Amino acid sequence: MSAVTGESPADQVCGAELAIGGMTCASCAARIEKKLNKLDGVTAAVNFATETARVTFPAAVSAEDLISVVEQAGYTALPVPGGRPPGDPLPGGKPFPPDPLGPLGRRLLVSLALAVPVVVLAMVPAWQFQYWQWASLALATPVAVWGAWPFHRAALVSARHGAATMDTLISVGVAAAYLWSLYALVFGSAGQTGTRMGFAWLAHGSGADATYLEVAAGVTALVLLGRYLEARAKRRSGAALRALLSLGAKDVAVLRGGAEVRVPVGALAVDEEFVVRPGEKIAADGVIVSGRSAVDTSMLTGEPVPAEVRPGDAVTGGCVNAGGRLVVRATRVGADTQLAQMARLVTEAQAGKAPVQRLADQISAVFVPTVIALAVVTLIAWLAAGHGLGAAFTAAVAVLIIACPCAMGLATPTAILAGTGRGAQLGIVIKGPEVLESTRAIDTIVLDKTGTVTTGRMSLTEVAAAPGIDAGELLRLAGAVEDASEHPIAAAIAAGARDRLGGLPAVQGFGNAQGLGVSGFVDGHSVAAGRAGWLETEWAWKIPAELAAHAATAEAAGQTAVFAGWDGQARGVLVVADTIKPTSAEAIARLRSLGLRPVLLTGDNDRAARAVAEAVGIGEVIAGVLPAGKVEAVRRLQDSGRVVAMAGDGVNDAAALAQADLGLAMGTGTDAAIEASDLTLVRGDLLAVPDAILLSRRTLATIKGNLFWAFGYNAAAIPLAALGFLNPLIAAAAMAFSSLFVVTNSLRLRRFQPSPWR
């Protein structure tokens, strides 16, 4: 808990984050939020997807008061320790919050194993052996009691507060089917030796000659499957934060008393000096005291070109030292570093998303209590009409069973399974049903430049030789001396030379001026390559005007120009750039055909960004922004009324991906970006973006169709059941048919093909 504002302790406004346990649907989140907001001065936003509540409250209200309100509503709450993502272990090894997948997975597996034979025996009369009904009772009892306990418990909690959800209908339906079956076996004729299940359309007689154990067991197992898939998707909510935090250094070499002492990074204090060797991560934000190097800042900017640093320059914790030894004075450590701030951005963006209202839960707000009321009315009406208790109860149970959401348990998970399975074949990973809601409304697609529109790797794009100089000889000699350097630009030149020429000659007397250039002797020539200023001052070379003009043109297009020459003269220019992916222009055209407005968002300079945007057909560019700026850019677009999708690949994109209405991460990118996104494009091809949006929209349409028919079949049969024209067993058969329809409709997604492009 932390104080946010206030002029006096009494007026202070504090903030806290609570992990909420026991929520099963979006209506649970709404109920908790309503209870918390009833407290004076309290403002709460409960996120069902992340199972957290962000609360601001006056000093007069304590965190214990907030927890008490949540517990009185029938749920559990624990304060989230600062900076600790959900799912991380607390001291003592206790998970926070507890991982639901283990217990839920075991409950699902046991329920499925017991329910399958019960359903098969009930539906295949030829397999009904002597005393089969008692074997079904033995198998179905653990499922209806233990397997369905989460639904029973949630129904009881809701009833205590005068509410009803799908859990209520599931619980009532399972309990009614099980208890009636138990009654029929013990007091009716269903338990007699040689009894077989028979079909009868009308609710005549006692009705105690048939069991509905397959309904109790089958509904439980199917709905548990849907809950498990949801829980698995929600478990990822803290993964982006863990991925960010894992980027930091674990220990650091601190200079104390003139000697290097390696200590855990948490022991580093502000103003202490520490050493960063080549290849090591910088332990904290700071200022360079001594040494020169190239630092990989792609974590912040997303750009592949390392930044040249020297004494007095600021460096950021988590970035990698790609060159020489550095001594850095720490200016910000721990939770104050840029990396920790990025982690907070991801957390805030995720928590700020509005909870997705499940269509099933919205309908259930009216549907569930109506069905229960109809069942009671049916029972009373039959008794008032002079029918026996058995016939009246049979009709009432038929109403509950025909409305019991068996197909509802299949509607979302089967479509998700089919859609995600087809998506995997196309290189698209959809993380959950929440994602699909966003795809139908997006009108703007924000694209990161490096690694998304471009390859994210430096490569040699041009060799410009001075008049009278052979370009092949220029590339051979310059490539040889660059091959001895580990700098990314040098590596790109050397790789380009080997690709075009094959092997490169050996270099002798190699020299490396950090951030300026390289030199050496190759085949008897004194060769140098690097910046123009370095060659002019250190080597007294004169740069020809035509070469300088060529370099200026390349740099105007956002490319990097390296001068090279030998024996005292500049002989040419080598141009290195981050190249555009071959399919990017086509992908942008497809996105436009879907009605989306593309925007290029990058940490690179405006000149380079506009050159790339023009090449691929993007008219709107936002350049020169750091991670916080990317989040703010996405937020500005949203505030202007746009529904924004964001595609990116770097750690610097993670917070913006979480802030966007729909986040798409390139699978070739970092773990932090992938975990913060809603969709992952495994193959790293920008053409997968329009494919992903099309598949998501098709999957969402299938889910909505499934939900409509799942309710439609059952709701249409409710009047027939109430009038006694449907035996509960026929009601169960109708449910089976609606479930079959839902599954078949979902399987059509396996034939999904991306729209052809000409």
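Contact here means heavy atoms within 4.5 Å. With that in hand, Ser584 touches Thr452, Val453, Val616 and Leu686, leaving out residues up to four places away in sequence.

Before I go on, a word on the model. It is predicted, so local features need pLDDT of at least 70 and side-chain atom pairs count only at pLDDT 80 or more, while totals for chains, interfaces and linings use all residues. Residues are numbered from 1 along each chain as its sequence is written, and side-chain values use heavy atoms, with hydrogens and water left out.

Back to Ser584. It sits in helix H20, residues 584-593; helices (H or I, at least four residues) and strands (E, at least two) are DSSP runs, numbered from the N terminus. Is Ser584 buried or exposed? Its relative accessibility is 0%, so it counts as buried. Buried means under 20% relative accessible area, exposed over 50%, and partly exposed in between, with a 1.4 Å probe and protein chains only. A polar atom of the Ser584 side chain lies 2.6 Å from the backbone oxygen of Val453.

Next, Ala30, in helix H1, residues 26-37. Ala30 counts as partly exposed because its relative accessibility is 40%. Val46 is 16 residues away from Ala30 in sequence, and the C-alpha atoms are 7.2 Å apart.

Last, a sheet. Three strands form an open sheet in the order E11-E10-E13, with antiparallel pairing. E11 (307-309) and E13 (320-321) are at the edges with a single partner strand each, so one side of each has no neighbour in the sheet. Two strands pair if DSSP finds at least two bridges between them; E10 (residues 293-296) and E11 have three. In E11, Ala307 is the bridge partner of Val295.

Notes:
Polar contact = N/O pair within 3.5 Å; in protein donor to acceptor, adjacent residues only side chain to side chain.
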